[in-house]
Amino acid sequence: GKTALAKEIVRAFMDAGGPAMSPKDRRAFWTVIGGEHFDDALFKRLGGDVGLLDYDEAFDTSAETYFERAERWMDLHADDDRPKIEVLDSLAALASKHELEVPMDKESMARAKVISRGFRRIAGPMSRSLTTLLFINQIRDRTGVFFGSPEFRPGGHGPEFFTMVRLRLSQGTLSRGKRALIKTNGVVTGQRIVVKVDKCRT
């Protein structure tokens, strides 16, 4: 649901770009982290044009490498006064360089600190290049929490402060907790997703 919604947003961005969007004038960039695969067939079914999208399937990219590359991409397009969009799928898959290099039995540098520093680093280039950064994250549960919410988001609290709009997606349910499925001629073709706006600062 999260990736499909992000693809729909990018598709709408391309439609709004009109004739200015061409294969030689790509202003949409998608980075896939952690072994995920960009489903271009789904993007085409949603009405998107893969030829207008730069995407990179980075299987072992560290958080430091991603933010440095994002900063260079934004600086490269800083003189272009047209809006651009970049998608990170997903923030939860980013690991610090130290975390990737040290042995499994050794303690690594906190990933949250690296990601927070990365957001501070690209905040300026993102504003100058008129780039919207859309990043996908996950919600996980801590074990052994008896008071308060056990939920937490990978990457720490830093990304929450940098976001202008934060959307929370969950499965739609019917009575008795049954999943709200979409059927076509009796065949399940999808499921309903509930989107809640947790934060809106626009």
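Reply: Contact means heavy atoms within 4.5 Å. Set aside its neighbours within four places in sequence, and Leu 100 is in contact with Asp 60, Thr 61, Ser 62 and Ala 95. Take Thr 61 from that list. Leu 100 and Thr 61 are 39 residues apart along the chain, yet their C-alpha atoms are separated by 9.2 Å. Leu 100 itself sits in helix H4, residues 97-101. Helices (H or I, at least four residues) and strands (E, at least two) are DSSP runs, numbered from the N terminus. Leu 100 is neither fully hidden nor fully open: it counts as partly exposed because its relative accessibility is 48%. The cut-offs are under 20% relative accessible area for buried, over 50% for exposed, and partly exposed in between, with a 1.4 Å probe and protein chains only.

A word on the model. It is predicted, so local features need pLDDT of at least 70 and side-chain atom pairs count only at pLDDT 80 or more, while totals for chains, interfaces and linings use all residues. Residues are numbered from 1 along each chain as its sequence is written, and side-chain values use heavy atoms, with hydrogens and water left out.

Now step back to the whole chain. The protein has six helices and ten strands. Of its 202 residues, 34% are buried. Take contacts between residues at least 6 apart in sequence: 67% of them join residues at least 24 apart.

Ile 122 lies in helix H5. Ile 122 counts as buried because its relative accessible area is 0%. Beyond residues up to four places away in sequence, Ile 122 touches Phe 67, Glu 71, Met 74 and Leu 133. Follow Met 74: it is 48 residues from Ile 122 in sequence, but 8.2 Å away in space, C-alpha to C-alpha.

Leaving out residues up to four places away in sequence, Phe 67 touches Leu 94, Ile 115, Gly 118, Phe 119 and Ile 122. Several of these names come back in the largest nonpolar core, where Tyr 66, Phe 67, Leu 88, Leu 91, Leu 94, Ile 115 and Phe 119 have the most contacts inside it. That core has 17 residues. A nonpolar core is a set of buried Ala, Val, Leu, Ile, Met, Phe, Trp, Tyr and Cys residues joined through side-chain atoms within 4.5 Å. Which elements build this one? H3 gives the largest share, six residues. Apart from this core lies another, of 16 residues, including Ala 6, Ala 28, Trp 30 and Phe 43.

S1 leads on to the sheet. Strands of a sheet pair through backbone hydrogen bonds, either parallel or antiparallel. Here four strands form an open sheet in the order S2-S1-S3-S4, and the pairing is parallel. Strand S2 (53-58) and strand S4 (131-136) stand at the edges. S2 and S4 each have a single partner strand, so one side of each is left without a neighbour in the sheet. Pairing needs at least two bridges found by DSSP between two strands. S1 and strand S3 (residues 84-89) run parallel and are joined by five bridges. Look at Phe 29 for an example: its bridge partner in S3 is Glu 86.

Most residues other than glycine have a negative phi, and most peptide bonds are trans. The peptide bond from Asp 89 to Ser 90 is cis, with omega near 5°. Ser 90 belongs to the loop between S3 and H4, and H4 is the helix that holds Leu 100. Leu 130 is not a glycine, yet it has a positive phi of about 55°. You will find Leu 130 in the loop between H5 and S4. Leu 130 is partly exposed, at a relative accessible area of 40%. Asn 185 is not a glycine either, and it has a positive phi of about 55°. Asn 185 lies in the loop between strand S8 (181-184) and strand S9 (187-191). At 80% relative accessibility, Asn 185 counts as exposed.
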